[in-house]
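My entries follow in the order in which I checked things.

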Amino acid sequence: MQQYFINSPAVTELTISDKATIKHMFHVMRLSEGDQVIIVFTDHQKYLAQVTDSQAYTLAILETLTDSVELPVEVTIASGFPKGDKLDLITQKVTELGAHAIWAFPADWSVVKWDSKKLTKKEEKLVKIALGAAEQSKRNRLPAVRLFPRQADFLAQLSDFDSILVAYEEAAKRGEQAALARAFSQIKPGQKLLLIFGPEGGLSPQEVTQLEAAGAQLVGLGPRIMRTETAPLYALSALSYALELQG
């Protein structure tokens with residue numbers, strides 16, 4: 001069943017006003033009176049709704065649904081600005097895998113340089129990508145998307161997290177294999193976790209030093225060196241296995 005996010009508090013009768021949602025519901029999907037969809041309001045609760053008037057774009061809420069597919073911890077994925085459309089892919093896939101928020105920052109070795117205008121456009125695009133991925137994967141919440149114009153702005157947010165893990169290529173090269181599993185085993189439900197990944201060139205030694213000084217832990221992601229767009233997917237998949245698939 002198709003799912004839609006509505007940016008308003010929960011109501012019993014709903015009139016769709018967002019043009020993109022109207023287009024998808026009534027022109028792409030061709031919903032008509034009696035058709036049912038799932039609606040998610042800003043309370044992150046799912047509701048079963050039924051179209052009452054396809055011309056007026058109105059729906060009635062039939063019942064509250066109790067299912068939730070959210071991870072038991074709030075995971076923020078932070079990537080150094082990668083090249084091309086890699087951040088689009090990262091945003092789509094980590095949304096499907098349960099990320100609570102998606103951040104990106106100008107790392108020392110990031111090749112791309114985005115000014116404020118390009119950052120705004122990129123962020124708007126990523127928000128739309130996250131919306132589509134969250135609807136497809138039947139999420140209960142939309143991940144927040146934030147692109148930091150300065151590295152210092154990103155570093156200033158680190159104190160907000162219970163745990164910070166940095167995927168560090170050199171740790172993998174040295175054969176470190178236990179830190180990630182150990183860190184995941186110590187995470188408690190409801191905690192806030194930040195997973196940091198470098199751009200194509202990795203994180204610079206200075207960045208690693210700054211992150212460790214802020215309380216971050218360096219972890220390897222196994223013996224194989226992954227691309228910047230692959231590493232977040234691996235880490236979130238491993239987290240899901242550790243927290244959701246072992247009973």
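I looked up phenylalanine 154 to begin with, and at 1% relative accessibility it counts as buried, where buried means under 20% relative accessible area, exposed over 50% and partly exposed in between, with a 1.4 Å probe and protein chains only. I note that this is a predicted model, in which local features need pLDDT of at least 70 and side-chain atom pairs count only at pLDDT 80 or more, while totals for chains, interfaces and linings use all residues. Residues are numbered from 1 along each chain as its sequence is written, and side-chain values use heavy atoms, with hydrogens and water left out.

Next I turned to the ring partners of this residue. Phenylalanine 105 and phenylalanine 154 form a stacked aromatic pair, 4.2 Å centre to centre with 0° between the planes; rings of Phe, Tyr and Trp (its six-membered ring) pair if their centres lie within 6.5 Å, and planes under 30 degrees apart count as stacked, over 60 as edge-to-face and the rest as tilted. Phenylalanine 105 lies in strand S7 and phenylalanine 154 in helix H4, so this pair ties together parts that are 49 residues apart in sequence. Helices (H or I, at least four residues) and strands (E, at least two) are DSSP runs, numbered from the N terminus.

I then counted eight aromatic pairs by the ring rule. One of them is tryptophan 103 with phenylalanine 154, an edge-to-face pair at 6.3 Å centre to centre and 90° between the planes. Because tryptophan 103 is in strand S7 and phenylalanine 154 is in helix H4 (residues 151-155), the pair links parts 51 residues apart in sequence. Tryptophan 103 is buried too, with a relative accessible area of 10%. Ring pairs join Trp103, Phe105, Phe148, Phe154 and Phe161 into a cluster.

How many residues of S7 are buried? I found five of its five residues buried. Ala101, Trp103 and Phe105 point one way from this strand, whereas Ile102 and Ala104 point the other way.

I followed S7 into its sheet, an open one of six strands in the order S8-S7-S6-S10-S9-S11, with parallel pairing; two strands pair if DSSP finds at least two bridges between them. Strands S8 (144-147) and S11 (217-219) stand at the edges with a single partner strand each, so one side of each is left without a neighbour in the sheet. Neighbouring strands here are turned by 20° against each other on average, direction ignored, with axes being lines fitted to C-alpha atoms, for helices over the stretch in contact, and angles running from 0 to 180 degrees between N-to-C directions.

On one side of S7 (residues 101-105), four bridges join this strand to S8, and alanine 104 stands opposite leucine 147. Strand S6 (residues 74-80) pairs with S7 over five bridges, where alanine 78 faces tryptophan 103. The chain passes from S6 through helix H2 (residues 86-96) to S7 in a right-handed β-α-β crossover, which is one where, with the strands pointing away from the viewer, the path from the first strand over the helix to the second runs clockwise. S7, helix H3 (residues 116-136) and S8 also make a right-handed β-α-β unit.

Last, I checked H2, which packs with helix H8 (residues 231-244) at an angle of about 5°, their axes 9 Å apart.
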